[in-house]
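Subject: Structure handover

Hello,

Here is the structure I promised to pass on. Please open it next to this email and read the two together.

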Amino acid sequence: MGQSKIHYWFVGPAIFLMLLLLIAPVFVAAGLSMTNYSLGNSGFDWIGLENYEKLFSRRSYAKMFTASLTYVLLVVPISVALGLGAALLISSLKIGGELYKAVFFLPVMATLLAMAIVWEFALNPIVGVVNDILRSGCDKDVIYAFFTGSWYGNNALESWYGSSCEKKFPIWLGDKKYALGTIAFIGIWQAFGFNMVLYLAGLTSVPRELYQAAHMDGADSAWERFKLVTWPMLGPTHVFVITISSIRSFQVFDTVEALTQGGPSKSTYVMVYAMFEKGVKQNLLGIGSAITIVFLIFVLILTLIQVYFVNRRVHY
Amino acid sequence: MYSQTNWLGEFSKHSLLLAGAIVVLLPFYLMLSYSFKSPSEIEANKGGFFGTQEIMTDNRCIKAGNPEEECLMRPIVYNYTAAFKEAPLVRYMLNGIFVTVSIFVIQVIIALPCAYALSKLRFWGRNVVFGMVIFCLLIPVHAIALPLYIMLAKVGLTNTYAALIIPWSISVFGIFLMRQFFMTVPDDLIDAARMDGMGEFSIVWQVMLPTAIPALLAFGIFSVVAHWNDYYWPRIVVTGNKDLMTPPLGLRMFKSDMDGNEYGPMMAATTVIVLPLVIIFLLAQRRFIEGITMTGMK
């Protein structure tokens with residue numbers, strides 16, 4: 001075995017393509033990030049770290065980092081919590097679990113760009129259903145009281161819902177106060193089903209005997225069993241789900257490009273969109289490459305955290 | 001045991017999940033509903049799910065100089081014919097199929113022999129190659145899109161099918177997955193094939209390939225779903241040439257070309273693009289969920 005040179009033919013193409021399509025681009029980006037290169041120009045100048053200086057000093061890039069981080073910090077905790085919640089509920093159901101699982105997984109499968117366009121219609125301030133539904137609650141006393149908080153003595157007009165009823169409901173994607181949150185909402189809508197499935201897989205690996213043992217020790221309520229058994233036993237799944245969702249939400253692009261193009265006033269100017277705008281649309285490949293490298297470092301850190309914890313097989 | 005509390009618990013769980021399901025399904029419901037209704041029904045938010053389907057006149061048809069009686073139609077017919085007339089939807093779909101299938105086939109042709117060599121052949125440098133595969137798993141393809149785009153532009157390949165396919169021809173994840181799978185295949189199977197006088201090439205394609213079908217299926221689902229839905233990469237390398245556009249990119253063009261409130265046709269086009277995958281998913285749910293979460297390991 002292994003006398004012949006046949007393995008060259010087997011691993012050769014893969015090695016060649018890995019070098020060409022995955023490793024070389026990293027070096028190309030690193031190199032170009034220190035130039036002022038543009039496609040179509042015959043040459044370029046080496047400008048050292050100037051692009052990186054811009055990246056960390058200019059206000060528009062500060063907005064970029066803020067947008068990306070805020071997006072990740074909104075989407076990851078909420079989509080992980082919803083995924084875990086859905087998984088716990090579904091796994092404890094007697095009937096209908098499979099159906100909910102399929103429904104919640106649907107957004108993961110569906111073309112995000114297409115669904116983003118549907119959400120845009122739904123969120124349209126004039127003809128959109130979302131504001132229609134919100135408005136329709138304004139003249140129904142029970143709903144109004146519930147959402148304004150006036151049922152426990154809040155001043156209805158000071159609440160978000162009450163004042164929106166008086167004036168008007170937000171232009172979700174066109175208002176810089178709401179745009180990033182709205183994009184994050186679509187991100188959560190899309191991602192939590194994926195987290196749910198990962199948690200469902202994690203839950204099946206929790207040994208049944210542990211629940212019995214906990215029961216013997218007097219952990220009777222569902223909450224106590226969750227706290228004592230489920231939560232700690234899901235340790236590796238938590239790490240995995242959190243890092244995966246962080247990496248995925250760092251890469252948000254489709255919704256931003258289709259719905260807000262980074263605006264209004266750069267409130268949704270996330271990193272991958274910035275990379276696209278600078279590098280491809282404006283042909284500023286130097287600064288685009290610098291964003292690429294910073295982005296790569298972020299993702300690499302997240303991946304290394306994941307590898308580190310998964311290899312140690314943490315159980316909290 | 002606690003039958004009463006259980007009933008209550010079961011009921012509250014179902015109500016929570018049902019509330020979630022309504023929010024999750026809302027855009028799908030709207031997409032279908034809008035694709036059935038007339039513009040006035042959409043604007044006024046009337047007509048329920050299916051609309052009244054009252055005969056309407058197609059203004060565009062009249063502008064084109066046709067007599068009025070030829071321009072009367074049901075909204076559902078209007079929406080779907082307009083979608084197919086105004087955008088080359090069929091072309092987009094065929095492009096999508098061509099690109100996703102080509103990517104998957106090339107990925108398998110490259111990955112399968114490599115995975116076989118990494119798991120079943122002993123040669124100098126095997127661990128180095130495997131280390132390289134693991135290292136490449138760390139590189140997110142989203143991040144290196146820009147340098148890839150520059151490289152393709154330099155060799156004049158932007159706006160070609162090649163640009164849509166080549167960057168995805170290597171799937172290190174596929175290699176890794178197949179290698180893990182082949183590790184579980186007994187060596188006896190391969191030795192027996194060698195005894196029968198089979199060459200290494202035939203072993204890969206006639207012995208290993210059939211045993212790898214379950215893993216390949218899962219990988220195939222992942223690959224096809226990812227590239228059918230991918231918008232980022234086509235958006236970068238295809239500029240303006242409608243003949244090359246994949247479904248998501250075509251839909252985006254449709255949206256920016258759209259004049260006024262053409263919600264109906266727009267949603268009809270969206271439905272046509274979203275529905276195929278959704279239907280296949282509903283038919284083979286379990287496999288899909290497995291296939292896509294497996295990539296979570298990536």
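Before the details, one caution. This is a predicted model.

**Domains**

Start with chain A. Its domain assignment gives domain 1, covering 57–125 + 172–312, and domain 2, covering 131–169. The C-alpha centres of these two domains of chain A are 30 Å apart.

Chain B also has an assignment with a domain 1 and a domain 2. Domain 1 of chain B is 3–83, and domain 2 of chain B is 89–297. Their C-alpha centres lie 34 Å apart. The two domains of chain B touch, with 15 residues from domain 1 and twelve residues from domain 2 in the contact.

Which elements give two or more residues to the domain 1 side of that contact in chain B? They are α1, α2 (39–44) and α4 (75–86) of chain B. The largest share, six residues, is from α4(B). By class, the domain 1 side has ten nonpolar, three polar and two charged residues.

**Between the chains**

One helix pair runs across the two chains. Helix α1 (residues 6–32) of chain A and helix α5 (residues 89–120) of chain B cross at roughly 120 degrees, and their axes come within 8 Å. At that angle, α1(A) is therefore oblique to α5(B). The crossing of α1(A) past α5(B) is left-handed.

The residues that meet are these:

- From α1(A): A:His7, A:Phe10, A:Val11, A:Pro13, A:Ala14 and A:Leu17.
- From α5(B): B:Ile110, B:Ala111, B:Pro113, B:Cys114, B:Tyr116 and B:Ala117.

This contact of α1(A) with α5(B) has eleven nonpolar residues, one polar residue and no charged residues.

**A helix pair within chain A**

Now look at helix α3 (residues 59–91) and helix α9 (residues 179–204), both of chain A. Their axes come within 6 Å and cross at roughly 40 degrees. α3(A) and α9(A) are therefore oblique to each other. α3(A) passes α9(A) in a right-handed crossing. The contact of α3(A) with α9(A) has 21 nonpolar residues, seven polar residues and no charged residues.

**A helix pair within chain B**

In chain B, helix α6 (residues 126–137) packs against helix α9 (residues 172–183) at an angle of about 130 degrees. The axes of these two chain B helices are 9 Å apart. The angle therefore makes α6(B) oblique to α9(B). Their crossing is left-handed.

Which residues meet here? α6(B) brings B:Val133, B:Cys136 and B:Leu137, while α9(B) brings B:Val172, B:Phe173, B:Ile175 and B:Phe176. The contact of α6(B) with α9(B) has seven nonpolar residues, no polar residues and no charged residues.

Take B:Val133, which lies in helix α6 of chain B. Is B:Val133 buried or exposed? B:Val133 counts as buried because it has 23 C-beta neighbours inside 10 Å. Leaving out residues up to four places away in sequence, B:Val133 touches B:Val172, B:Ile175 and B:Phe176. B:Val133 and B:Lys63 are 70 residues apart along the chain, with 60 Å between their C-alpha atoms.

The other residue is A:Gly262. Find it in the loop between α13 (254–259) and α14 (271–281) of chain A. A:Gly262 counts as buried because it has 21 C-beta neighbours inside 10 Å. A:Ser38 is 224 residues away from A:Gly262 along the chain, and the C-alpha atoms of the pair are separated by 22 Å.

Best wishes

Methods:
Residues numbered from 1 in each chain as written. Chains lettered and ligands numbered in written order. Predicted model: local features only at pLDDT ≥ 70, side-chain atom pairs only at ≥ 80, totals over all residues. Axes fitted to C-alpha atoms, helices over the stretch in contact; angles between N-to-C directions. Helix = DSSP H or I, 4+ residues; strand = E, 2+ residues; numbered from the N terminus. Parallel < 35°, antiparallel > 145°, perpendicular 65-115°, else oblique. Left-handed = near helix turned anticlockwise from the far one by under 90°. Nonpolar A, V, L, I, M, F, W, Y, C, P; charged D, E, K, R; others polar. Buried ≥ 20, exposed ≤ 12 C-beta atoms within 10 Å, placed from the backbone. Contact = placed C-beta atoms within 7 Å. Domains from an automatic or database assignment.
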